[in-house]
Amino acid sequence: MVHEWMDKALCKELPAELFFSNYPMDSTREAKKACNLCAVRLECLEYALERPDMVGVFGGTTETDRRKLRRMRREQSAEKQGKRRSEEHTSELQSLRHLVC
């Protein structure tokens, strides 16, 4: 599936090898620099975050970077869920307080 933002991606004008290294020790510095100059970096990053099987540099991140970002998002989501449940529980207890007193 091709998204409109992909037509605006700077990487289309650069060699693919820059973003898809064959060697784990290859530096991703140049690819990340290119991504940081790209107008659609955030769209690209979101696209890659939604697809865990993607390899290479996308949105200025490597696979390892994206795994960390996904983990952070899951943790933040869990914290928000826990906080929301705690607030609901507190509210429920406060509403029941009049029955006890």
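## Basis and overall architecture

Helices (H or I, at least four residues) and strands (E, at least two) are DSSP runs, numbered from the N terminus. The structure is a predicted model, in which local features need pLDDT of at least 70 and side-chain atom pairs count only at pLDDT 80 or more, while totals for chains, interfaces and linings use all residues. Residues are numbered from 1 along each chain as its sequence is written, and side-chain values use heavy atoms, with hydrogens and water left out.

The protein contains three helices and zero strands, and its elements follow the order α-α-α from the N terminus on. Of its 101 residues, 24% count as buried. Here buried means under 20% relative accessible area, exposed over 50%, and partly exposed in between (1.4 Å probe, protein chains only).

## Helix H1

Helix H1 spans residues 29–37, and its buried residues are Ala-31, Ala-34 and Cys-35. They lie on the same side of H1 because they cover an arc of only 100° around the axis, the arc being that of the directions from the helix axis to the C-beta atoms. The exposed residues Arg-29, Asn-36 and Leu-37 are carried by the face of H1 turned away from its buried side.

## Buried positions and their distant neighbours

Cys-44 belongs to helix H2, which comprises residues 41–49. With a relative accessible area of 12%, Cys-44 is buried.

Val-57 is placed in the loop between H2 and H3. This residue has a relative accessible area of 6% and is therefore buried.

## Salt bridges

A salt bridge is defined as a side-chain nitrogen of Lys or Arg within 4 Å of a carboxyl oxygen of Asp or Glu. By this rule, the count is five salt bridges. One of them joins Glu-46 and Arg-73, whose closest N and O atoms are 2.3 Å apart. This pair links distant parts of the chain, since Glu-46 is in helix H2 and Arg-73 in helix H3, 27 residues apart. Both partners count as partly exposed, Glu-46 at 31% relative accessibility and Arg-73 at 41%.

Asp-7 and Lys-12 also meet through their side chains in a salt bridge, at 3.6 Å from N to O. Asp-7 counts as exposed because its relative accessibility is 54%, and Lys-12 is likewise exposed, with a relative accessible area of 51%. A further salt bridge brings together the side chains of Glu-50 and Arg-51, at 3.4 Å from N to O. Within this pair, Glu-50 is exposed at a relative accessible area of 56%, whereas Arg-51 counts as partly exposed at 25% relative accessibility.

## Positive surface patch

Arg-67, Lys-68, Arg-71 and Arg-74 form a positive surface patch. Patches are made of residues with over 30% relative accessible area and no salt bridge; like charges are joined within 9 Å, and nonpolar side chains (Val, Leu, Ile, Met, Phe, Trp, Tyr) within 5 Å. Lys and Arg count as positive and Asp and Glu as negative, with His and the chain ends not counted. The place of a charge is taken as NZ of Lys, CZ of Arg, CG of Asp or CD of Glu.

One member of the patch, Arg-74, lies in helix H3, which covers residues 63–100. Arg-74 counts as exposed because its relative accessibility is 53%.

Terms used: Accessible areas come from the Shrake-Rupley method with a 1.4 Å probe; for residues, only the protein chains shown count as cover.
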